[in-house]
Each structure stands twice: as C-alpha cells, then as structure tokens.
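Reader: Hey, I've got a protein model open and I'm new to this. Can we go through it together?

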Amino acid sequence: MKAITIKEFGGPEVLEWNEVEDPVPAAGEVVVDVAATALNRADAIQRIGLYPVPEGASPYLGLEASGRISALGEGVSGWKVGDEVAALLTGGGYAQKVAVPVGQLLTVPAGVGLAEAASLPEAAATVWSNVFMTARLREGETLLVHGGAGGVGTLAIQIARARGARVVTTVGRPEQAARLRDLGADQVIDHRTEDFTEHGPYDVILDIIGGGYLARNLRSLATGGRLVIIGMQDGLEGPLNIAELLLRRASVHGTTLRSRPPEEKAAIVAEVQEQVWPLIEQGAVRPVIDRTLALSEAAQAHRLLEAGGHFGKFLLVDDDAR
C-alpha cells in the first residue's frame, strides 16, 4: 500500500507519498481499506515534531478515516469484510489501509457519503466527550465555542443546538458569521474587534486557544460553569485567579483524546454512535467539508490548513478511489 510518510520534522514539504508495508490486524482489530481521511490540527503538530506518537500507534498521520473492512483479526464479531465504516484512530489515516480496534469503529450514518463520513469521528468524539461527558452541558444552558469555523467548532455548534443549548461562538473572519448562524449559533463574536467576556456568562466553554484565553475564560463563566481546554494555540500557560474559581464554584478541565486507553475510546465511540449519529441521520447535524484533495496532496492540504480561513474540514481521498 501507499501512505504519507514524514522524512523529517518540519513544514508541509516533509510529507511524502511512499510505498509502505500493509498493516496486519491484531486480535480485536480489523483492517480498513481507506476511502478518505480528514485533517486535524494535531496532524500538523505531529508533523513538526511536537506531538509524539503514542506507544504502539501507527507512525502515520491521521486520526480518523472511513472505508471498507478488508480483513478481520482474531476474535472479531459483529463486523464483516465489506462493511462500510467510519473510525476513530490513534494514527494511520493517511494511508490506503489502517488497522483499527473494533471498539473505535462506527457505522456510516444514513444519508452521509462514505468519503464525507471521514470528517466525523474525531470531531464528534471530541465534542461529545468534552462538552457532554465531561462538562455535562444541559438543555437551556449557554455554550461558548472558541473557533467556531473549524472542524470541531462547526460540529459543536450543531450538536449543542440540537440538544437545546444556546450557542455563542467566536470567529476571526466576519464573512463566516452568516454560515455559523446557519449552523445554529445564536450569537457570533468577532474576536478581533469584540471581547467575548462582555457577552457572558457562559455555562460551558469549549476552548482551543489555551493560555492566552485562560483568565478571560474563567472571568466569563457563570456560577457552576465548566471550562474545557482541548488546545493550546495561544500558549501553554496563563494566569488562574483562584478567588474567581472559588466564587464561581467553577471547574477547569484539560483533556486529550488520542492518548486515552482503548477502553475509554470505545466508551466514547459507543456514546457517539448512540447519541450523535441519530442527530446526523435526522438532518439536525451534518458534516461540514471545506474542500477535498487527493491523499497524495497531503502537503498542499497542510498548507491550506495552516493558512487559515477554511470552514469545516479538509478531506483527503485515496488517489485510487478518485
């Protein structure tokens, strides 16, 4: 098979389309012939050498994929060769084949194409595990989503709105505001000209920014509010006012998805299948794709991702399937 390999840590130019060995499924795994994968910010961080591959994971980029099962490992039941699936990965999506633990497999939602299904697993699992399993967003509460135009943001807005929450989001390009409202955002804040703290308080904040927003995020929380930090695009550290934390009876959670043990990922994936997939099949939530490129064009896709201004996910489709 072919896969995108990294010749050395660096810019998008280090990504190469090379022949590699086919994966062999371990017990409890299947091999999926990849129809498509999707870009995530973590892919770029791994490419430059700041996101080490977890022990035992595929060395190739790619945290989600869709395709057809082509081989079953020992002890696998409930799935068969030829089944169309989407999958949450610990790595390996930028390849023509990938081995996946069965607990990280999802069906392809009715009404969603096989390729576009690749845009869903990582974002859906991130949103569901953080906003609902960790922060326990409830109907009638207000959610603030930082970076609403990204892959996680566009899905978080839709899922939260479908479950009865009020949704506020920040955006850096005002021309994207109307599209975010179409997805269900009740209010869109241009973070370049407005201070999001003035539009709170928020019951839950989903933050991809990190240290640079920590103090303002905390100041914006409602009593009993929950801040969930899933990224660090603007720094690793920030001031934390303990008095505000105590007076608001607030909580701050920092989480990752990729490094969780398989049983935790399987539990998240099971809830996504049960809770999020019906919303997609009912039309209340839909995948948002900015553009589609060939898998061999991964370097160009990374350049576009880092340039910013996209809306939703970038898909990479297997060259042989185009």
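Reader: Let's start with Arg136. Is that residue buried or exposed?
Author: Arg136 is exposed, since its relative accessible area is 55% and the cut-off for exposed is over 50%. Keep in mind that this is a predicted model.

Reader: Okay, and where is Arg136 found?
Author: You'll find Arg136 in the loop between α2 and β8. Its phi is positive, about 55°, although Arg136 is not a glycine.

Reader: Which other residue has a positive phi without being a glycine?
Author: Arg249 does, with phi near 50°. Arg249 sits in the loop between α6 (242–247) and β13 (251–254).

Reader: And is Arg249 buried or exposed?
Author: Arg249 counts as exposed, because its relative accessibility is 60% and exposed means over 50%.

Reader: How far is Val131 from Ala156?
Author: The C-alpha atoms of Val131 and Ala156 are separated by 8.1 Å, and the two residues are 25 residues apart along the chain.

Reader: Switching topic: what about the inside of the protein?
Author: The largest nonpolar core has 49 residues, and Ile159 and Val272 have the most contacts inside it. Elements that each supply at least two residues of this core include α2 (121–134), α3 (151–162), β9 (166–171) and α7 (262–281).

Reader: Why would nonpolar residues gather like that?
Author: In soluble globular proteins, nonpolar side chains tend to be buried together.

Reader: What does Val272 touch?
Author: Not counting residues up to four places away in sequence, Val272 touches Leu106, Ala124, Ala125, Trp128 and Trp277.

Reader: Which residues does the second core include?
Author: That separate core of 16 residues includes Val168, Phe196, Ile205 and Ala250.

Reader: Now loops. Where does Ala185 lie?
Author: Ala185 lies in the loop between α4 and β10 (187–190). Ala185 is buried, because its relative accessible area is 6% and buried means under 20%. Its contacts, not counting residues up to four places away in sequence, are Ile157, Val167, Thr169 and Leu180.

Reader: And where's Gly93?
Author: Gly93 is in the loop between β5 and β6 (97–101). At 0% relative accessibility, Gly93 counts as buried. Gly93 touches Val34, Thr37, Leu61, Gly62 and Glu64, again not counting residues up to four places away in sequence. The C-alpha atoms of Gly93 and Thr170 are separated by 30 Å.

Reader: Which residues does the cis peptide bond join?
Author: It joins Gly200 and Pro201, with omega about 5°. Pro201 is in the loop between β10 and β11.

Reader: Zooming out, how many helices and strands does the protein chain have?
Author: The protein chain has 8 helices and 15 strands. Along its principal axes, the C-alpha trace spans about 55 × 40 × 35 Å.

Reader: What radius of gyration does the chain have, and what would a compact globule have?
Author: The protein chain has 19 Å, which agrees with a compact globule of 322 residues, where the value would be near 20 Å. Buried residues make up 53% of the 322 residues.

Reader: Last one: how many charged side chains are positive, and how many negative?
Author: There are 29 positive and 41 negative side chains, and the centres of the two sets lie 6 Å apart.

Definitions and conventions
Residues are numbered from 1 along each chain as its sequence is written. This is a predicted model: local features need pLDDT of at least 70, side-chain atom pairs count only at pLDDT 80 or more; totals for chains, interfaces and linings use all residues. Side-chain values use heavy atoms; hydrogens and water are left out. Helices (H or I, at least four residues) and strands (E, at least two) are DSSP runs, numbered from the N terminus. The radius of gyration is taken over C-alpha atoms; the globule rule is 2.2 Å times the number of residues to the power 0.38. Buried means under 20% relative accessible area, exposed over 50%, partly exposed in between (1.4 Å probe, protein chains only). Lys and Arg count as positive and Asp and Glu as negative; His and the chain ends are not counted. The place of a charge is taken as NZ of Lys, CZ of Arg, CG of Asp or CD of Glu. A nonpolar core is a set of buried Ala, Val, Leu, Ile, Met, Phe, Trp, Tyr and Cys residues joined through side-chain atoms within 4.5 Å. Contact means heavy atoms within 4.5 Å.
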